[in-house]
Amino acid sequence: MRDPAIVRVLEVSQKARALRTEMERDLKRLLTGSWIEQDLLGLLVAAGGGLTAADLAWLTKATEYDVRDHLHTVTGRSFTRRDSDLGSAAEVYLLAHEDLQVTALQMLGENRLSEYRERIHGWAAHFAGRGWPADTPDYLLRGYHTMLLAVGDLARATGLGTALPRHDRLFDRTGGDNAALAQVVATIDAQVGADVPDLGALSRLAVHRDQLSDRNTHIPPAVAGLWVRLGQIRRATALAHSIPDPYRRSSALVPVAEALIREGRHEQARELLDEAVLTAARIIHHDRKNAVLGSIAPMLAELGDHDRAVEVARSIPGSDRRAPALAAVAGTSTGTESQRRALREEALAAARRIIDPFLQCIALGRVTDLLVAAGDSRTGGLIAEAVAVCESIADPYRASGARASVVRTLARTGRIAAAREMTSTIIDAGSRGPALVAVAEALIERRLDGADELLGEVADTARAVDDPGRRSTALVAVVHPLVRLGDRAAATGLLGEATEAARAVVDADQRGSALVAVVQAAVEAGIQVGAGDRLDEAIRVARTIVDLDRHDTVLEALAKALARDGHHDQAVRAAQGIPDRRDDSDLRVKVLVAVAEACARAGNDDAAERAVSAVPDARTQARTLVSIARALAEGNRHDRAAQFLRRALSVADEVGHPVDRDHAVAPIAEALADIGHHDEALTTARSVSTAGRRRAMVIAMAKSLVRGGDHARGLRLLDDELETANSIENPALRDDAVEPIALAQAESGYPERAIALARTLASARRRIAMLAAIAEVLVGAGEVERARAVLAGSFLKGLRRLRDRFGDLAPSDRASPLLAAGEALALVGASDRAIEVVSSVEASDARDEALASIAGRLVRGGHVAHAITAARRISETGARDVALRGIAEHLATAGRYREAIETVLLVDNATTNRRAWESIAEIVVANGSHHRVVATVELIVERPIRRRWLLAIADKLVDAGHAVSAAALVDHVTDPARALPSEGVQDDALVVSVLARAGRHRQAVELALRDPTDSATEVPR
């Protein structure tokens, strides 16, 4: 049937031909019939169909009864009826066949058709004049626009496309802006295709197109699903399709599909899920895409499409999202029991591979729920594992969220006492409330006392929350449990409180989301009175949010494009059109600067001046002028740049406060020096009122002169500053002034002068620190031996003298020179001395931090043994393990795998050890050196952990696409002859995961289904 080479000529149906002849005869009779028959035919043909009996009655001035009577009699054979596109109850009429429409058009002729169209135009003008009210006929919202485009009436079509009240009426009728947006786009296409496009009309249409697109961007995705649950499927689908952002759109399609599945409309749900998958592919943000795919997978499973559900879940790269998705698919009734069991194991393995403890805790909770439902005996162990992970979270608020997850798991598994006890450890009220609600729901489920007291506590706590958004969220959490308790009145009262709190949220986006959450709670609790009104309110709020970022970005791109193409005046106007925003006040300035620079480069000084004048304040104007000057200097137009810098200086002089003027003047002086105008730069720098800033600017200028080859003048400037510094009587203040001068002399290539100056510092501690800084400058310049000489001479003598009088110094004063000394000694490779000096620091935190830093310096310098010694002297276990891990990773990157392995073996903490080895395994696989490393591991790693380390390499191999090598390594590791014992479920789960991802599905499934009490380690082949 599908072979294009086979052509079958079908015979003409005699019955169809006879019927058509009869219809054409009816048409001819109508054309010569009574006035109402002629009008009915003419109006339906001119309109292109789609008119109701009420519409035709309005247009013909006849009664609806007469219209229906004529359309349903024998003449009615030429007409047919269908439902309205917009879902209204009234049927619409059209000619029975497309060919009849063409024939009727020819019979009526253009003159008569024009008369009927004018009548329709007058009808439309009547409703437009009333602002497109609620009783606007469906045809005027849909079919009329199609007719206008068909006859080429672009002026009227443009009027419809730019009528905001009509857009609003279409939204109310359809539940979305998709229909209005499609009409605007179609009109734009028609205008573009016209012989002489109306540019003004195109501009107006483009504005309305962007507005229609933008105003749906902030509608919460959950709204669409709620409309389905409120019985308005067409509205829900239209709303989802109106959302332009792919993340929000796909997130809206999923709850609509879920609601359709709940109602048994599986085909519609499948179509929406297919669309959601395609839409999700356009999401740029990876975590958002993974979240959407994670919600789609279980919906596909609910539809019975097990293989595709698993495929979608496994396509999620991050374990934190993949584990819950796999668990959700495994929790459905689709697939065989063995398939679900394998998925549960895969989900568990993925959860255990999550590095972030907070996310791991959440994932373990979801997998535990799954195992409980499956009657798995490992539930208790997994809960204990989740609790242990939870306790490792340092941040108290993230720890609260993780504990709340554990509480929910404990409550759902019937461990209510333990759950109640853990709620007392949750310090964040936002996490504690939902945890208590979970406990209350567990009590209700088991018909135990105490739920009402817990819910009352949560409600009272919620009412005390200041932030209205968080207060609303906390209140709605109590609604459903109260209904389950039978207290519907209290639940309804809380919904009212939550609604008022949501309305008090200042941010419109958050207000819309809060109102949607209230409706969601109401629908789930079965309290649907007023839910539709609240949802409409949430949508209205969301649609008032203007996408300011997009508006400003368009103007930014336009301004830059105009400037680039030489349209400087228009570019300045576009930049000036970007409004100041409190949250991004720099955008307008940045665009003005870019436009001004482009104008200046092109030699259009007037346009550049206008752009600068549009900058709001003197400091910013000065900064803009400096930016222009630097752009000109890059083009070797130094004289022109100097003119702009002089203008900038005059603008900076208008700044009132001295400190603000100093801030404005500093970059001007620096830019003058960079273009070689040193005299002006020096004069500008010396006009600065703050001594410290003035000194820093002069020193920077001196360094600039030296870099430019004028050493004599640069050193003279430093000497002048030194003379001023020596006049300071206060020793500490003098040290403040001398230190940057000494460092500048070292950086300018005069270390001897710098050392001599460092020796004049009054503070022994600061002398030591300065000598260390000079040594570091020398090392950076490649003069390592000279740096060692500095540290071996005055530096060590000063350090010994300082140590002799340590008893007179505060602990912080004792620590800083020792830390500086240790860093400097490590820099020149004096490893033993560096470790010795830093180890003498009394403050453990400072000492540990310095030892970690020194360890890093030493390993990068090739002093591996000393680096490990430094790391192992760190007193805090966690910091010590992290330092050792860093050394191991550096060694692995350098290809020194044996040393890297030996270093990892020194890491005590099991989690850090595992992560360190996983990191090294990834490096090894990326370098293609896994065969060599496997041999080394076999040689030096003890049996209890050898298996785990080799499996980690296999895991990274399959991640990198080396499936065959990964599977071969698993075979090698699990060979009974090797007698490498499994370390438990986590180990076996990793084997299953690697085999499954490597394509060895049968072996993976067989291993996953094996009795956990079986001690055999061989993988079935």
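Reader: Let's start with a serine: in which helix is the place of Ser405?

Author: This is a predicted model, so local features need pLDDT of at least 70 and side-chain atom pairs count only at pLDDT 80 or more, while totals for chains, interfaces and linings use all residues. Residues are numbered from 1 along each chain as its sequence is written, and side-chain values use heavy atoms, leaving out hydrogens and water. Helices here are DSSP runs of H or I with at least four residues (strands are E runs of at least two), numbered from the N terminus. Ser405 sits in the one that spans residues 396-412, helix H22.

Reader: Is Ser405 buried or exposed, and which residues does it touch?

Author: Buried means under 20% relative accessible area, exposed means over 50%, and partly exposed is in between, using a 1.4 Å probe and protein chains only. Ser405 has 5%, so it counts as buried. Contact means heavy atoms within 4.5 Å. Not counting residues up to four places away in sequence, Ser405 touches Cys361 and Ile362.

Reader: And Thr368: which residues is it in contact with, leaving aside neighbours within four places in sequence?

Author: Thr368 belongs to helix H20, residues 357-373. Its relative accessibility is 1%, so this threonine is buried too. Beyond the excluded sequence neighbours, its contacts are Thr379, Leu382, Ile383 and Thr409.

Reader: How are H24 and H25 oriented to each other, roughly parallel or roughly antiparallel?

Author: Axes are lines fitted to C-alpha atoms, for helices over the stretch in contact, with angles from 0 to 180 degrees between N-to-C directions. For H24 (residues 429-445) and H25 (residues 451-463) the angle is about 160°, and the axes are 9 Å apart. Under 35 degrees counts as roughly parallel, over 145 as roughly antiparallel, 65 to 115 as roughly perpendicular and the rest as oblique. H24 and H25 are therefore roughly antiparallel.

Reader: Which residues make that contact, and how do they divide by type?

Author: H24 brings Arg432, Gly433, Leu436, Val437, Val439, Ala440, Leu443 and Ile444, and H25 brings Ala451, Leu454, Leu455, Glu457 and Val458. For the types, Ala, Val, Leu, Ile, Met, Phe, Trp, Tyr, Cys and Pro count as nonpolar, Asp, Glu, Lys and Arg as charged, and the others, Gly among them, as polar. The contact of H24 with H25 splits into 10 nonpolar, one polar and two charged.

Reader: On to the rings: how many aromatic pairs does the structure hold?

Author: Rings of Phe, Tyr and Trp (its six-membered ring) pair if their centres lie within 6.5 Å; planes under 30 degrees apart are stacked, over 60 edge-to-face, and the rest tilted. With that rule, the count for this structure is five.

Reader: How far apart in sequence are the parts that the Trp58 and Trp123 pair ties together?

Author: The pair of Trp58 and Trp123 is tilted, at 6.3 Å centre to centre and 40° between the planes. Trp58 lies in helix H3 (residues 53-60) and Trp123 in helix H5 (residues 98-129), so the parts they tie together are apart in sequence by 65 residues.

Reader: What is the angle between the planes of Trp58 and Phe127?

Author: Trp58 and Phe127 make a tilted pair with centres 6.4 Å apart and planes at 45°. This pair links distant parts of the chain, H3 and H5, 69 residues apart. Ring pairs join Trp58, Trp123 and Phe127 with Tyr139 and Tyr144 in a cluster. The angle you asked for is 45°.

Reader: Where is Lys61, the non-glycine with a positive phi?

Author: Lys61 has a phi of about 65°. Its relative accessible area is 65%, so Lys61 counts as exposed. Lys61 is in the loop between H3 and helix H4 (64-72).

Reader: Is Trp132 buried or exposed?

Author: Trp132 is not a glycine either, yet has a positive phi of about 50°. It lies in the loop between H5 and helix H6 (138-141). At 5% relative accessible area, Trp132 is buried.
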